[in-house]
Amino acid sequence: MADVKYFSEQEIAQHSSENDCWIIVHGKVYDVTKFLADHPGGKKVLINVAGTDATSKFDAFHNAGTLEKFGPGLYVGEAGSPPQANAAVEASNEEEDVSGPFGDLVPFGDPSWYQDWDSPYYNDSHRRLRARVRAFVEKEIMPYVHEWDEAKQVPRALFVKCAEAGILAGICGVVPREFMSIDNIMGVPLDEFDVFHEFILADEFSRCGSGGVLWGVCGGFGIGLPPVLLFADEVLKRRVAPEVLSGKKTICLAITEPYAGSDVAGLRCEAKETPDGEHFIVNGEKKWITNGVFADYFTVAVRTGGEGMGGVSLLLIERIMPGVKTRQMQCSGVWSSGTAYITFEDVKVPKANLIGEKNKGFKYIMYNFNHERMAICIQSTRFARVCLEDAIKYASKRKTFGRRLIDHQVIRHKMADMARRIESTHAWMEQLLHQLNVMPHEESMVKLGGPIALLKVQATQTFEFCAREAAQIFGGLAYSRGGQGERVERLYREVRAYAIPGGSEEIMTELGMKQSLKVAQFMGAKI
Ligand code: HEM
């Protein structure tokens, strides 16, 4: 704090020309002289408010993220006089107080336990984690999301940052203790880390409002690494897991093909054993593979046996192996996630890279399906909240016909419709997360497969509805990329990336009911 400079209103008022232009926004002083020519809103608007407090005008046209990104380069100090040092306050700040409400308190913009409602699912360790992930995402991710999305890639350094913060280890569904150099995940001891901690990691990360960035970091990792951790032999696991968990290398899961999507058992990519039995020769194509553009490792579903699910194996293929080619696919959304079309042409893969047993691949894939689908539900539900949060914030400041947008009943009713869908989806999601927390895995695969499939439909349809309604509230601002409607515009384009992969809406609806009927009959229902 010692280096912070303070300026009085009179001092700031002297910097009021095109050649020397300061403004105050939210109590901070910015020297925008060199920024005038680059300001996307034009230089005149800035010169008109030079030397004054421009907070209300600034708020009318920008997101909070604008200052997080541009502010540090323009900041010169604080407006007003220095605060008196208060030893008692400084001492009490050292203890992390996690009680009370948390976040911006926009109605339904965060789950209800953020408003200090009682909940059976969360304790102080969850509250502490919530604050830490939020601080990390707001500092390291949110200011750059638009830039990364437009560049269609996330920086490699972000993987290492996320690994060091503990985020990677926390989202793979199995806590990879043996490969971790620390005994906690963002301060939560590994023995205490539960499904709700993982939920908070994914939910708070999703506040970045970009499936592209989220999948860019976690999309391949969260589904490509679990089969290695759970089923690969020690040698393969020890070679691959530590470097992926440390963010130095990346991994993805390659199942879908031009010929087989949700119908996994129909995949064609073949792996033929060489006569000496030492290698597989892999030939085939994979499509829509998240992170495939840059991944170092590919957990690939290949056909090693006859038709159907009994002939599928999982093989770890490496980018350095001759015959592996990837190209970026041009998709409507999730731009920075590196969606790839992959060709394997006579790729020679050592037998040692077989994950688990031959022809057991389908079982291994199924093992992680509930986890993968739950991740999609968590992300979709938070994205729906992001749409509502941004819509409420924007409608509270934008005026039309002499009134704020939010003062129009038709706009409030849109918000109400969004809120009730989000809250009911969230409550069902928490109920199922609780079951995942307490139920043995094998049992949960059978009993929860149906409800989680239906929850995926519910969550993605809620997301779709909220993206649409928020876009209507933002109007033209959600039709152009960047700026105030940035998150809504992007999320609107990303809806299909959630409603189709991980089991399409149609297949989930059918599976959800069929599976639930089977379970009911097994449990004795006379139907
Ligand atoms: C530190 C000061 C400021 C910075 C860093 C800044 C930055 C930006 C940026 C990055 C944009 C593009 C849209 C976005 O990303 O949000 C923008 C747009 C804009 N800014 Fe600023 N701005 C500042 C201050 C102001 C002030 C004080 C005003 C008004 C008096 C203003 C008026 C506008 C307008 C009218 C737009 C265009 C909005 C639109 O496209 O609808 N800006 N500004």
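How many bridges join strand 2 to strand 3, and in which direction do these strands run relative to each other? In this predicted model, strand 2 and strand 3 (residues 20-25) run antiparallel and are joined by 2 bridges.

## Overall dimensions and packing

The protein chain contains 20 helices and 17 strands. A compact globule of 527 residues would have a radius of gyration near 24 Å, and the value for this chain, 25 Å, agrees with that expectation. Along the principal axes, the C-alpha trace spans about 85 × 55 × 50 Å.

Buried residues make up 42% of the 527 residues of the protein chain. Contacts between residues at least 6 apart in sequence were also examined: 75% of them join residues at least 24 apart.

## Domain assignment and the annotated region

Four domains are listed in the assignment: domain 1 (6-79), domain 2 (112-234), domain 3 (248-364) and domain 4 (371-522).

For residues 4-80, the UniProt record, an unreviewed entry, carries the annotation "domain: Cytochrome b5 heme-binding". Over residues 4-80 the chain is 36% helix and 25% strand. The end C-alpha atoms of that stretch are 12 Å apart.

## Contact between domain 2 and domain 4

The C-alpha centres of domain 2 and domain 4 are separated by 20 Å. To the contact, domain 2 gives 18 residues and domain 4 gives 21 residues.

On the side of domain 2 that touches domain 4, the elements giving two or more residues are helix 7 (145-151), helix 10 (195-206), helix 11 (211-219) and helix 12 (221-231). Helix 10 provides the largest share of this side, with 6 residues. By residue class, the side of domain 2 that touches domain 4 comprises 7 nonpolar, 7 polar and 4 charged residues.

Conventions:
Residues numbered from 1 in each chain as written. Predicted model: local features only at pLDDT ≥ 70, side-chain atom pairs only at ≥ 80, totals over all residues. Pairing = 2+ DSSP bridges. Helix = DSSP H or I, 4+ residues; strand = E, 2+ residues; numbered from the N terminus. Rg over C-alpha atoms; globule rule 2.2 N^0.38 Å. Buried ≥ 20, exposed ≤ 12 C-beta atoms within 10 Å, placed from the backbone. Contact = placed C-beta atoms within 7 Å. Domains from an automatic or database assignment. Nonpolar A, V, L, I, M, F, W, Y, C, P; charged D, E, K, R; others polar. UniProt positions renumbered as here; feature names shortened; annotations may be inferred.
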